[in-house]
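Dear colleague,

Please find below the structure that I am handing over to you. My findings follow it, and I would be grateful if you could read them with the coordinates open.

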Amino acid sequence: MATVYIDGNRHDADAKQNMLHVSLSLGYDLPFFCWHPAMGSIGACRQCAVKQFKDEKDTKGRLVMACLTPALEDTRISIADQEAQEFRAAIIEGLMLHHPHDCPVCDEGGECHLQDMTYLTGHAYRRYRFQKRTYRNQFLGPFVNHEMNRCIQCYRCVRFYRGYAGEHDLNSFSIHHTVYFGRHEDGILESEFSGNLAEVCPTGVFTDRTLGQHYTRKWDQTYAPSICHSCGVGCNISPGQRDGIVRRILNRYNHEVNGYFICDRGRFSYEYVNSPERIRAPLVRRGDEREVIEKDEAVKIFAEMLGSGEDVIGIGSPRASLEANFALRALVGADRFFSGFSTGEQRLIELMLSIMQTVHVPSLREVEACDAVLILGEDVTNVAARMALALRQSARREPQKKALAARVPLWDDLGVRQVTGDAIGPVFIAFPCATRLDDVAEATYRGRPDQIAQFGYAVAAAIHSGAPPANTDASAQALVKRIAEALRTAERPLVVSGATLRNEAIIGAAANIVYALEREGRSAGLAFTMPEANTCGLGLMRARALEEALESRVQYGTVVILENDLYRRATAAIVDEFLARAGNVVVLDQVNTRTAARANLVLPVASFAESAGTLVNFESRAQRFFPVLPPSDVQESWRWITDVATRRGEFGSWNSLDDVTAAVEQEMPIFRGITAAAPPSSYRIAGEKIPRQPHRYSGRTATLVNISIHEPPPPDDPDSPLAYSMEGYTYKAPASALPFLWAPGWNSARALLKFQEEINGPLRGGPVGIRLIRGDRRGAPEFFSGAPEPVNAPERRWLAVPIYHLFGSDELTHWAPAISSLAPQPYVAVNERAGFRDGAPVAFQSDGATQTAVIKIRSEIPDGVAAVPAGLRETETLRLPAWISIEAI
Amino acid sequence: MPSQPSEHEVRVLSRRFGLPNSASIDTYLANDGYRALEKALKEMTPDSILEELKVSNLRGRGGAGFPTGMKWSFVPRQSPKPKYIVCNADESEPGTCKDRLLMEYDPHQLIEGILIAGIVVGSHQGYIYVRGEYRYLIDILDRALEEAYARGYLGKNILGSGFDFDLYTHTGAGAYECGEESALLESLEGKRGIPRIRPPFPAVAGLYASPTVLNNVETFSSVPPIIVNGGKWYAELGTPRNGGTRLFVLSGHVKRPGVYELPMGTPLRKLIYDVGGGIIGDKKLKAVIPGGSSTPVLTADAIDTPLDFDSVAKAGSMLGSGAVIVMHEDTCIVRAALRIMQFYAHESCGWCIPCREGTNWLKKTLTRFHSGGGREEDIGLIEDLAKNMLGRTFCPLGDAAAMPTIAFVQKFRNEFEMHLAGQPCPFEKHGQLVGA
């Protein structure tokens, strides 16, 4: 702590910070461009100039940049100083020489940091009497639009894209007043985090291209606090809609999870909500036809199909909320509720969850602080992209210690990078093929899943002699020792693993490494990726495995399938047989999946944008999401189930989400605390609900006037403390129920700094999410016994392992045009020693079915391994890993 | 060809200029070449070399005039990383062409100076970063390096001393900014030529985040004579706080423009009238830029200023790179200001806003002003924009553009006012600015 003076006011400040950070944290309005809270200071824009005084006697002072001025004891600055104010206004005047002033046609208008800063500095009239500079814009792919003429050259884009996200195809070009930010040529941006450019850019150079296709101003959108449903990380998001169309997704800051950034799958997944493939009304199969029916009739038919309920089973879904799964479980009975995980997946998930009870599972904020990492058998970027971005920051921790030793503070981004150069910390990756994090890996290990498991066991044994030994090939021994040493000597070691390779021994090995470190007295973290939004939550429900139902040969009367396409969970032959065996098939889903197409009754289910519920992320953090779209004919699964139960006279007291959430909590002790994850629907501020619409929302009294001149009341929302209205207060809203960010004078995403307790700190207004597993069974858990002996590959056979694609493997984003346009075509990747030509069409056999694909040669893949993309649209699901044969066709 | 020698010169660094094959190692060896290296390796310690440098009062010849001995002493003796010697041969300040001659006519003197720096700080690798437009000098330097390797002055176990040193040349791509030492390091690392922040200083984290000594060509070239003849001898050549001689680059409206080696502290009058032979056409002197285009202009009444760092500073300017640009009475000062601003607007690296936007705006304003389209308020605007850069930009390039501009407006305001008649420039005939 240090005592600093700002405009004569005495403050306590964090001496490890700079004066811009301190001033903003204290609530002063000091303009800035190049500084970013997650990326530190570079001193390029000169916008945060303040007057610094040597001591209390100094009245002359000198102009300094607040972002480069450490908050040392007795630092004295003046923001209000006349000369400083004039200089800051002059900076804006300089930016306005070439900025096109096209705010009325700019997608950033109304949420533009440049607009805000211009007002803040008071600059109004520019003395420039020459023509403006112009640039040629580039096509950058389906996510991001490029309009270089608006650029103010703050370098934030390249600093995020290259320095933070580690991709290289966006750069700064040229010099003097024609500096250009773009690619070396037109083309799709390669980073999985490119959408963040729209929020990182202080003006309208990089904007959300999908928003542009149905553009609406920030102030005209209705927002809701939501949780991304695209993977198990649980990033907090803020979708915006108008006229029933979801327009975009903004990052919603949660300092423990996603911080300032989300991945492109998360940001652009919303497009499926608007898809014509959505199921909007109940459908009943009559003969070969499917007929649209009224909601009441659908509930009646559903009730009839349930009959006495004795031969009814329910299949849950890892992409549905806790409440939805719980409602189905309550409807059919716990012993007739099946999880809906893919074949072989449930065992792995239960194993991971039981290990999580015995270790510390770090939040992403903690992941970023780790200084040595082993990623064992996981391709984090494609399965849990936001975690990969956090791991990229972990790779900088060890080098940053050198900067601190050289007395360069960590906020001094240029200074730190000068001291650290391109150095990376001890990050190690073991995976069958190259991953997108390899560039920050000190070393990588390639092997088949069973070899990776052995490798992990060997690392554990090298850390602690009590851990079961393993047989790794001699060539890997040196690497094993290096990794063991790095983890053992690190301050905050971390192991990351997951279920991608469908290998139990890998998960056991990851646990053993952490157990070994704990026995050596080191406090280590263990993070498992979770493939779907509620994998963790459904796993904690301990339902029966889907395979049991699929392969039971029991003649079920009615099968109720909740938000799940079984054809993605098991092979087509098995699912066909299962569905044919069932008397009635009831599918509750959002889109017309292959399973839905086979159903006798289809109930239209609300997407994340239309529903409320609770999800549990990879670290067991329960988080609530709320609807942004007003009620319509589609409704939450749990509400359909409640409707049918009510009709049947069962659990009739559920009137709102709060009732269901409370029932989950009451019935299943593991979920204790989830009701506190967000305020209840009865929550009020000054007697009012929290508004979903900004106070400048326009057209409230006009948009429906062609139908009726009487303004309709806002739609009722019994499930949340939020109103479809502009009336009420957001400023003091609890963090978990904050729909959008706006503060006086701060119209852009940077308004966030007015909602944080301090810069980079938690949001004011309580915790976001409740951790369910606290790792309290720590101590000295038993080691997992050794890995099975490696298998020898049969002649001319390959072990097919699933490879996930951030764009392509996720089910619902198949219906999101921008994302699905980037999905790969089916392929089989092998190394060149397999004897195939790159691009050659082949057929491969698995589970008796033949599939076709093209060969992709990837020389890093080990002999005897074939990488097969998982979950692509219109491809058959394979039971992987499996030994396959590949034939040229 | 080097300029015709003047009898007023004290030739220390330039004493081999004009010798037959002066760039060859044989000529060099025949004229005391590599004697300093031998002395440094066999008779001296790093500390005693440093001591000689400190006694010599040698100050950096790149422009800032920082004491060289002190700079070298900042490099940590123990370092887990390799240490580097980097020679700044990115000579691009308008009016300056002295380093060019040192590389063209006496490359071995430079190599020897770099080697001695390597001995002092315990470095075994060095780079000569040559201005992109000096591409032809690369051939000369590479040939000299080859000769030095062949004769055992570079490479392993130099002169049997056990000291190893490798030296490489590297060209810039034409950016003035890369003459700023930290931008040079970025460029040398293959990155965009933008300046770095300080601290950390290059002595701690320079090239590849390693301790680095970075000096100008002339500074390194001054080292061998100091080692051979002693620091005291060198110091006495100049004035008390400004040791030695300096290569002055005389250009503009003088009868004998050229590069002349003179003791520090030589009066400006002597340089222009005795060494340079006076002003073309015996016209009246109007103004002098004393240290390269970035330094504030002096008026004719500063003609008796001694040319050393401190005296020129006292007169309100800077000795900078020692490039003296002379302007006679027919010169249009507005045009001179414009020409200089054209250069800085083109060379602004684009990193910080005041310089990037300010230089370009100034260039446009001066262009229109000079051609008769100026308004009275433009004079204030020009001064205001320049002051907005002064001391407020990320690196000194903003200062380099601001300082001459402010001086032109303040010292020659009447000439700016003469352009307000709505007519093209009132100076019918512009004198040519030779070399500028």
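How many salt bridges are there between chain B and chain A? The count is three. Please bear in mind that this is a predicted model.

One of the salt bridges joins A:Glu83 to B:Arg392, with 2.4 Å between the closest N and O atoms. B:Arg392 also stands out by area: together with B:Trp351 and B:Trp361, B:Arg392 supplies 21% of the area that chain B buries against chain A, more than any other three residues. The area buried between the two chains is about 3,400 Å², and carbon and sulfur atoms give 57% of that area.

In terms of residues, 35 of chain B are in contact with 42 of chain A. The rule also finds 16 residue pairs in polar contact across the interface, both residues being at pLDDT 80 or more. On the side of chain B that touches chain A, the elements giving two or more residues are α14 (333–347), α15 (353–373) and α16 (376–389) of chain B. The largest share, ten residues, comes from α15(B). Sorted by class, this side of chain B has 14 nonpolar, eight polar and 13 charged residues.

I turn next to a helix pair within chain A. Helix α10 (residues 345–356) and helix α18 (residues 504–519) of chain A have axes that come within 10 Å and cross at roughly 10°. Angles under 35 degrees count as roughly parallel, and α10(A) and α18(A) are therefore roughly parallel to each other. From α10(A), the contact is made by A:Arg347, A:Leu348, A:Leu351, A:Met352 and A:Ile355; α18(A) contributes A:Glu504, A:Ile507, A:Ala511 and A:Tyr515. By class, the contact between α10(A) and α18(A) has seven nonpolar, no polar and two charged residues.

Finally, some remarks on salt bridges beyond the interface. Over all chains, a search of the whole structure finds 83 salt bridges. Among them is the pair A:Asp371 and A:Lys401, whose side chains meet at 2.7 Å, N to O. This pair links distant parts of the chain, 30 residues apart: A:Asp371 lies in the loop between α11 (364–369) and β18 (372–376) of chain A, whereas A:Lys401 belongs to helix α14 (residues 397–405) of chain A.

With kind regards

Notes. Residues numbered from 1 in each chain as written. Chains lettered and ligands numbered in written order. Predicted model: local features only at pLDDT ≥ 70, side-chain atom pairs only at ≥ 80, totals over all residues. Heavy atoms only, no water. Contact = heavy atoms within 4.5 Å. Buried area = accessible area lost by both parts, 1.4 Å probe. Salt bridge = Lys/Arg side-chain N within 4 Å of Asp/Glu carboxyl O. Polar contact = N/O pair within 3.5 Å; in protein donor to acceptor, adjacent residues only side chain to side chain. Helix = DSSP H or I, 4+ residues; strand = E, 2+ residues; numbered from the N terminus. Nonpolar A, V, L, I, M, F, W, Y, C, P; charged D, E, K, R; others polar. Axes fitted to C-alpha atoms, helices over the stretch in contact; angles between N-to-C directions. Parallel < 35°, antiparallel > 145°, perpendicular 65-115°, else oblique.
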